[in-house]
Amino acid sequence: MTIAGRAPKLTDSAPAADLYEVINRRRDVRREFTGGELPESVLRRVLTAAHSAPSVGLSQPWDFVLVRDDATRRAFREHVLAERSVFAAQLDGERAETFAKIKVEGIVESSLCIAVTYDPNRGAPQVLGRHAIADAGLYSVCLAIQNLWLAATAEGLGVGWVSFYREEFLRRLLGIPSGVRPVAWLCVGPVRTLADTPDLERHGWRERLPLENVVHYDKYGHGRTR
C-alpha cells in the first residue's frame, strides 16, 4: 500500500491491500511519476485485473496498446499541449489563473503509457444485453479501466488519464482501425507519492460533493426528507 509522503516499493509478490483504502488512495497522477522501472510481473497483474472486468454479453470489447516509444509519446504530448491551449483560450479571470497552475499530463515522465480501446464488433452481432443500450459496451471498457486503476494503486503505482486529445489524432498515431474507438490514454508507473487530495480540488478548480447531494430516493430529485 502507498503511504502519504513516502515512495512505494514495488515487489514481485502480489500486494495485500484493503479495497476501501485503495479506492480512497486512488489519484489521477500528473507530476509525481518517477520514470522508474515497472516490473513485467506487476504490469501483468494490473492488466489481468483490467481484463477480468465484467462486460456486456461477455464481449470483452477492450484492447490495451502499450506505448513505450519515446517518439510516439512526444508526438502525443505535443498534440495534448496544443489541445490544452485551445481549452485555456476559452477561460478568463479566476478560471484562467487556476487552470494555468494545473498540469494535465505525465506522458513523458511516466514509465509506460497504455491506450485503451473499444471494439463494438467484438462478439457482434448478437451481443447479449446490448440491444437496448448501445453504450453498454463502452461502459464495459470503463469498468476495465477502473479495474486497472485500482490494481495499479494497490501495487503502489500511479495512473493518469489524459483527456486533452482528439480521437482521430490518436487513431492515426497508433494505427487503430476505423471501427475501433480510442477511449483512454493512461500514463502508468512508479510515483514518489500519491497526494492526499486530488489535484483539481487542491488547486481550487472543483470540490467533491457531499454524498447526500447525489443520492435520490425512489425518484430523481427525491431526498430523504421529502
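**Chatting through the model**

Me: Starting with Ile23, what's its relative accessible area?
Reply: Ile23 comes out at 39%, which makes it partly exposed. Keep in mind that this is a predicted model.

Me: Why "partly exposed" for Ile23?
Reply: Because 39% falls between the two cut-offs, under 20% for buried and over 50% for exposed.

Me: Where is Ile23 found?
Reply: In helix 1, which covers residues 19-25.

Me: Switching to rings. How many aromatic pairs does a search of the whole structure find?
Reply: Eight aromatic pairs turn up. Phe99 and Phe164 form one that is stacked, with 6.1 Å centre to centre and 25° between the planes.

Me: Which parts of the chain does that pair link?
Reply: Distant ones: Phe99 is in helix 4 (residues 93-100), while Phe164 is in the loop between strand 3 (157-162) and helix 6 (167-174). They're 65 residues apart.

Me: Are Phe99 and Phe164 buried or exposed?
Reply: Both are buried.

Me: Which residues do ring pairs link into a cluster?
Reply: Phe87, Phe99, Phe164 and Trp205.

Me: What about charges? Which ring does the charged end of Arg84 sit over?
Reply: That of Phe99, 4.2 Å from the ring centre. Arg95 has its charged end over the ring of Trp205, 4.1 Å from the centre.

Me: OK, backbone now. Which residues does a cis peptide bond join?
Reply: Ala124 and Pro125, with omega at about 10°. Pro125 is in the loop between strand 2 (112-118) and helix 5 (136-154). For context, most peptide bonds are trans.

Me: What's phi near for Gln60?
Reply: It's near 45°, a positive value in a residue other than glycine. Most residues other than glycine have a negative phi. Gln60 is in the loop between helix 2 (40-51) and strand 1 (62-67), and it's partly exposed at 28% relative accessible area.

Me: And phi for Asp218, what is that near?
Reply: Near 70°, again positive in a residue other than glycine. Asp218 is found in the segment after helix 7 (199-202).

Me: Buried or exposed, that Asp218?
Reply: Exposed, with a relative accessible area of 85%. The cut-off is over 50%, so Asp218 qualifies.

Me: Let's go inside. What does Leu170 count as at 0% relative accessibility?
Reply: Buried. Leu170 is in helix 6.

Me: Which residues does Leu170 touch?
Reply: Leaving out residues up to four places away in sequence, Leu170 touches Phe76, Tyr165, Ile176, Pro182 and Trp185.

Me: What separates the C-alpha atoms of Leu170 and Trp62?
Reply: Those atoms are 16 Å apart, and the two residues are 108 residues apart along the chain.

Me: Last one, His79. Where is its place, and what does it touch?
Reply: His79 is in helix 3, residues 70-88. Not counting residues up to four places away in sequence, His79 touches Phe164, Tyr165, Arg166 and Phe169. Phe164 is the ring stacked with Phe99, and Tyr165 is also touched by Leu170.

Me: Why does His79 count as buried?
Reply: Because its relative accessible area is 13%, and buried means under 20%.

Methods. Residues numbered from 1 in each chain as written. Predicted model: local features only at pLDDT ≥ 70, side-chain atom pairs only at ≥ 80, totals over all residues. Heavy atoms only, no water. Helix = DSSP H or I, 4+ residues; strand = E, 2+ residues; numbered from the N terminus. Buried < 20%, exposed > 50% of the residue type's maximum accessible area, 1.4 Å probe, protein only. Phe/Tyr/Trp six-rings, centres within 6.5 Å; stacked < 30°, edge-to-face > 60°. Lys NZ or Arg CZ within 6 Å of the ring centre and 35° of its normal. Contact = heavy atoms within 4.5 Å.
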